[in-house]
Amino acid sequence: MKNLLQSEWLKIKKTRIWWLIIISPILAGIACSAVPIPGELGWLMLLSIGGSIHALLFLPLMVAVFAAFVCRYEHQHNGWKQLFSMPVKRGRVFLAKYLTVLGFVFANQVIFTSVVIGVGLSRGIEGEFPVDMFLRSFFGGWLATLPLAALTLWVAVVWSSFAAAVTVNVILTMPNLLIVNSETIAPLYPWAQPFLMMLPPVEDSFAGFIQLESLLVAILGGLVVFFIGGLVSIQRKAV
Amino acid sequence: MNEIILQTNQLTKTFKKQKAVNAVDLKVYQGDIYGFLGPNGAGKTTTIRMLLGLMKPSGGDIKIFNQSLKNHQLEILKRMGSLVESPSYYEHLTGRENLEALRLLLQAPKARIDEVLNIVRLTQDADRAVKQYSLGMKQRLGIAASLLGNPELLILDEPTNGLDPSGIQEIRELIKTMPKKYGITVIISSHLLSEMEQMATRVGIISKGKLIYQDSIHRLKNKALPQVALRTGQVVKAKSILQSAGFEVGGDSTFVTLENVSDREVAKAVSLLVEQHIPVYRIEERSHSLEDIFLDLTKGGELHAPGTAS
């Protein structure tokens, strides 16, 4: 497994993926710099604004882009054929690519969080820094992408077009704008989870932080279904 | 005879009811350069894909290194190298990085990369992006990749496709050295018999999914030697007379054909027949190029070349 990951790393590190992981944090950073800060709730405000931009749209989309990236170089010049004639299990290949995608989402989260904190510090926000809130936002957002990464990787493995995974994900991400406002659907919709997980709780809003229901149904359920789907597809893939 | 290294038994692949590969029994011995021949679309690549586990057979089975491919795929793949159709590569990486990405999976020693680069003479270009490689260089990189794991069996699918004559020559020379220098058995597919003629030790010919010929290249070449055809009366009797006199006899209902005969032997055959009062109407020489035989074989889908009692 380690060698598969090393090999994946070698292949991905020289692509343009690096430019993509800074887009969303930069946009979020710009928004955070512009928003007025209401006294003591400064950090909460910053995380809400930055999180809305990042988690509502960009994070789910980036997951698909990363997934498409780790498959693109295999689709381009018969990479799958060579890869599958190596003494490696196909399931392991899927897992290695999946972990690589998660790694880039993690990096994306690190940069996003650092940017928000950086903006906050430079603007001299008053009040204690809410460590808990930021940690939960950081990890919650990351966890919420687990099923999305599995689904988009599945799509990216099956279809050779770079656009396929991204398109599927765009179609499923767009309804977010409506769904996050629905108390009944939102906790169950996998694409809404990054938003729900990353945004801090505001009064009695249902949005915000780990709800057991979301975690089990939308995240774990989605993860299991999509991951198994991807595994089956890569086993059956004729190259 | 050497040990059998690869064997298929009634290997079949069906695509939507059409049999792309139909009950093929391949037999490859250790140390062979096995030329796997057939026109385009005959089922060569499909067969090779199945040999590499890239595609599951619809029927039949594959044994490599005396193990079933179905049950021991990873162990077998570890001892094999391959190049299927057009070369596979990651164009954003250098040649060396391409090999490294595969070396990690094969868990081969790091020094092996320089060795294989040297074998295919890419050492100088190893640190250039593959994007800038010519087709021939990409092909050589593919061969280098196939050698990375120190394979015992190498499967090359049309490795000279799209190369210029000097590139073809180079790859051919390289392949020829494999069994002797490195102890590697090679299966190489091609649609050109002339190419195989110069390196293969054994050939299998596939046409329309069926293996229609499998034997040593010498046997095939012998078919290309001129035959002498005798048009006689009482053909059946004539054949038996000549056969009992020790001639290699073939032919159809109107002709008796003799293989590998000198002038003196022809004279002897004719006098034998005449002595037995069998009329000889005509004596003619028939020659076939190897290419003729190949075309004849693959067109008809079965053996039509005269005197093919193999």
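**View 1. Two salt bridges are found across the interface of chain A and chain B.** A salt bridge is a side-chain nitrogen of Lys or Arg within 4 Å of a carboxyl oxygen of Asp or Glu. One residue pair shown is A:K14 with B:E97, whose closest N and O atoms are 3.0 Å apart. Over all chains, the count comes to 21 salt bridges. The structure is a predicted model, in which local features need pLDDT of at least 70 and side-chain atom pairs count only at pLDDT 80 or more, while totals for chains, interfaces and linings use all residues. Residues are numbered from 1 along each chain as its sequence is written, chains are lettered from A and ligands numbered from 1 in the order in which they are written, and side-chain values use heavy atoms, leaving out hydrogens and water.

**View 2. The contact between chain A and chain B takes 28 residues from chain A and 28 residues from chain B.** Contact means heavy atoms within 4.5 Å. About 2700 Å² is buried between the two chains, and carbon and sulfur atoms give 59% of this area. A:H77, A:Q82 and A:P87 supply 24% of the area that chain A buries against chain B, more than any other three residues. Buried area is the accessible area (1.4 Å probe) that two parts lose on being put together, summed over both.

**View 3. B:E100 and B:R103 form a salt bridge within chain B.** Their closest N and O atoms are 2.8 Å apart. The two residues are separated by about one helical turn because they lie three residues apart in helix α3 (residues 95–106) of chain B. Helices (H or I, at least four residues) are DSSP runs, numbered from the N terminus.

**View 4. Helix α2 (residues 17–34) and helix α3 (residues 42–76) of chain A pack at an angle of about 165°, with their axes 8 Å apart.** α2(A) is therefore roughly antiparallel to α3(A), a term for angles over 145 degrees. Axes are lines fitted to C-alpha atoms, for helices over the stretch in contact, and angles run from 0 to 180 degrees between N-to-C directions. Residues making the contact include A:L20, A:L27 and A:C32 of α2(A) and A:I53, A:F58 and A:F69 of α3(A). The contact residues divide into 16 nonpolar, three polar and no charged. Ala, Val, Leu, Ile, Met, Phe, Trp, Tyr, Cys and Pro count as nonpolar, Asp, Glu, Lys and Arg as charged, and the others, Gly among them, as polar.

Key:
Angles under 35 degrees count as roughly parallel, over 145 as roughly antiparallel, 65 to 115 as roughly perpendicular and the rest as oblique.
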